[in-house]
Amino acid sequence: MTSDTTHTTFGAHSTTGDVLTGIDLTGRTAVVTGGYSGLGLATTLALTRAGARVVVPALRPDAAQRALADAAGVEIEVDKIDLADLASVRAFTERFLSSHPALDILIASAGVMACPETRVGPGWEAQFAINHLGHYALANLLWPALTAAGTARVVAVASGRDPAWRIRWDDVQFERGYDKWEAYTQSKLANVLFARHLDLLGRPHGVRAFSVNPGWIRTPLQRHLAIEEMVTAGWIDADGNSAPGLFKTVEQGAATQVWAATSPHLDANGGDYCVDCRRTDTSPTDDSAAARLWALSADLTGLDLIN
């Protein structure tokens, strides 16, 4: 594999409509977490336009229903989930499995970024819990439906990747000092490692997994950031206008996750980190770290149904 060719003619400015041209998802079922806001909403609408039935598990189902109200004539189901609460994740999957025999696409799009220190569940740091552990549990509990599909895709929405990112193995919950950005990048690295190991385990069962960097997009993900912080970072000016050329549209940002979930050219691939609708070997993933994170996640959640 090389970093400049990935079975695609798409790029940074491609949209969800571009990557789905000629693809018919009729009869396919997808689950999109966070599928009613930002990139998740763009992903849900794109998949339904291509014919898929999309289930949107939402922390705020009423808000999800309102956000999706204009999507008339398509198959969208809204259900309740709190990714920070394993009991809620389990309850959602039980309802899903009782009415859906197979799951073709799982897109882990929900997330939180740079939030104040927050503890959830048994004292877990919120970004690691919501961005990673909740999705880890979801994939494990939906495993019977994923394998029943024959060929299924799982896509973990990560972020831009820096080789300096690390898992804080000796303090994964940031109990010895909290840094919101270190906690965020740890959770996003966890998304990459999760997809890598899930693909290794899922490959014999027809389940392939990818992680993606959607790029820079202004969405509700930035809700915990002060205007002053974004101005200082150079993202926006003092009037709130985006820095020229920095941000993609939501349809461009969602394109890579939609492409990774649906492209027939990726049938023989998996485990890759994708950027701008391309597989890339930039900052290659450490397989031993991926296996170590999987074991840690299994220990924390008590779930390892795939193994």
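Modeller: In helix α10 of this predicted model, the residues A255, T256, Q257, V258, W259, A260, A261 and T262 are buried, where buried means under 20% relative accessible area, exposed means over 50% and partly exposed lies in between, with a 1.4 Å probe and protein chains only. Helix α10 spans residues 255-262, and eight of its eight residues are buried; helices here are DSSP runs of H or I with at least four residues, strands are E runs of at least two, and both are numbered from the N terminus.

Because the model is predicted, local features need pLDDT of at least 70 and side-chain atom pairs count only at pLDDT 80 or more, while totals for chains, interfaces and linings use all residues. Residues are numbered from 1 along each chain as its sequence is written, and side-chain values use heavy atoms, with hydrogens and water left out.

I would turn next to helix α7 (residues 180-202) and helix α11 (residues 287-301), whose axes come within 8 Å and cross at roughly 90 degrees. Axes are lines fitted to C-alpha atoms, for helices over the stretch in contact, and angles run from 0 to 180 degrees between N-to-C directions. Angles under 35 degrees count as roughly parallel, over 145 as roughly antiparallel, 65 to 115 as roughly perpendicular and the rest as oblique, and α7 and α11 are therefore roughly perpendicular to each other. From α7, the residues A190, L193, F194, R196, H197, L198 and L201 meet D287, A289, A290, A291, L293 and W294 of α11, contact meaning heavy atoms within 4.5 Å. The residues of this contact divide into ten nonpolar, one polar and two charged, with Ala, Val, Leu, Ile, Met, Phe, Trp, Tyr, Cys and Pro counted as nonpolar, Asp, Glu, Lys and Arg as charged, and the others, Gly among them, as polar.

Now the aromatic rings. Rings of Phe, Tyr and Trp (its six-membered ring) pair if their centres lie within 6.5 Å, and planes under 30 degrees apart count as stacked, over 60 as edge-to-face and the rest as tilted; by this rule the count comes to six aromatic pairs. Y136 and F194 form an edge-to-face pair, 6.4 Å centre to centre with 70 degrees between the planes. Y136 lies in helix α5 (residues 126-141) and F194 in helix α7, so this pair ties together parts that are 58 residues apart in sequence. Y136 counts as buried at 0% relative accessibility, and F194 counts as buried at 5%. Y136 also pairs edge-to-face with W294, at 4.8 Å centre to centre and 75 degrees between the planes, a link between distant parts of the chain, with Y136 in α5 and W294 in α11, 158 residues apart. W294 counts as buried at 3% relative accessibility, and ring pairs link Y136, F194 and W294 into a cluster.

Helices α5 and α7 pack at an angle of about 20 degrees with their axes 7 Å apart, and are therefore roughly parallel to each other. The contact is made by residues including F128, H132 and Y136 of α5 and Y184, N191 and F194 of α7, and its residues divide into seven nonpolar, seven polar and two charged.

On helix α4 (residues 86-99), the axis comes within 10 Å of that of α5 and crosses at roughly 30 degrees, which makes α4 roughly parallel to α5.
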